Amino acid sequence: MRITVKGAVRIGFLAVALGFGTWAVAREWDSVVTGFSRLSWTSVLLSVVAVIAALGGGMLTWRALLADLGSPLPVRQAAKVFFVGQLGKYIPGSLWPVLAQMEMGRDLGVPRSRSAAAFFLTMPIQMAGGLLVAAVTLLTAGPAAIGPYAWALLLVPVLAVLLEPRVINAVIGLGLRLLRREPLERALTRRGMLGALGWSLAGWAAYGLHLAVILGQSGATGVSGARLVVFATGAFALSWCLGIMTFVVPAGAGVRELAMVAVLSPVLPQGPAIAVALTSRIVLVAGDLLCAGTAALAARSAAVPEAGPQSDKAPRNAL
């Protein structure tokens, strides 16, 4: 098997990230075990429920963009395409999720160009929302919590400009021309972009709840109650954005956890913070699997009543 330079860089980066992560866990093993022992199954279950709600916000962000581009999908079908396709992010390489969504969307009558445009727009919208949320919420923990990462917030105005409909429509049009593809039939609107951003912000609030539930039993100091939820929302949003910036590893593996440990340092020692970060990762993976499985079953059950003389036409006309 031939390994390209780009592939070797990805493998090397992942190995280094996992190596540092393993070393950090081993060095703080006793504290990590203590941190895990503080968590109850109830808190983990509540955290999973919050993550499912957050992932739903991400799906609705993508669905709003796709509808604005001219392909509104029923919620069940949209959930299947989005969640099943998103499992591709765990495979090394950045294109598996979009390829999966393009092919599944095509079976529902969605042009590949629209699926690709919605996919590539979802990430910057979520990142813009995440950085904005982090900038506001982490101030609750004092300047020390956000100060070391202020450079990341410089991306907020850049993303705001890029997400202006007139700008992004021009960028999409140029990209399609360079790829010698037909232009999009419908341009993005400001209303559609704001709707997608709104769902994204709702998702960040749910992600904050998932981390707050875990932090609430981890011995965090200096934050409690509503302030804990606000801080947890900013901490997760910032660590997620930092992980996405290192897109050479699958789903930000290892990088998001290292970033979360650093962001949680104002309220947690390193050992318990590692336990919180690892628990969050496990909950996120469980949420991805549950959403993909449930969405696939729901879409399949919805199609069962349609079985009959016209069922062979239903998949491509289900708009």
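Axes here are lines fitted to C-alpha atoms, for helices over the stretch in contact, and angles run from 0 to 180 degrees between N-to-C directions. Helices are DSSP runs (H or I, at least four residues), numbered from the N terminus. This is a predicted model, where local features need pLDDT of at least 70, side-chain atom pairs count only at pLDDT 80 or more, and totals for chains, interfaces and linings use all residues. Residues are numbered from 1 along each chain as its sequence is written, and side-chain values use heavy atoms, with hydrogens and water left out.

**View A. Helix 6 packs against helix 10.** Here helix 6 (residues 112-137) and helix 10 (residues 190-215) sit at about 55°, axes 9 Å apart. That makes helix 6 oblique to helix 10 (angles under 35 degrees count as roughly parallel, over 145 as roughly antiparallel, 65 to 115 as roughly perpendicular and the rest as oblique). Look for contacts (heavy atoms within 4.5 Å) between residues including Gly 129 and Gly 130 of helix 6 and Ser 200 and Trp 204 of helix 10.

**View B. Helix 11 packs against helix 12.** Helix 11 (residues 225-245) and helix 12 (residues 255-263) pack at about 140°, with axes 8 Å apart. Among the residues that meet are Phe 231 and Trp 240 from helix 11, plus Arg 256 and Met 260 from helix 12.

Note on methods
Helix = DSSP H or I, 4+ residues; strand = E, 2+ residues; numbered from the N terminus.
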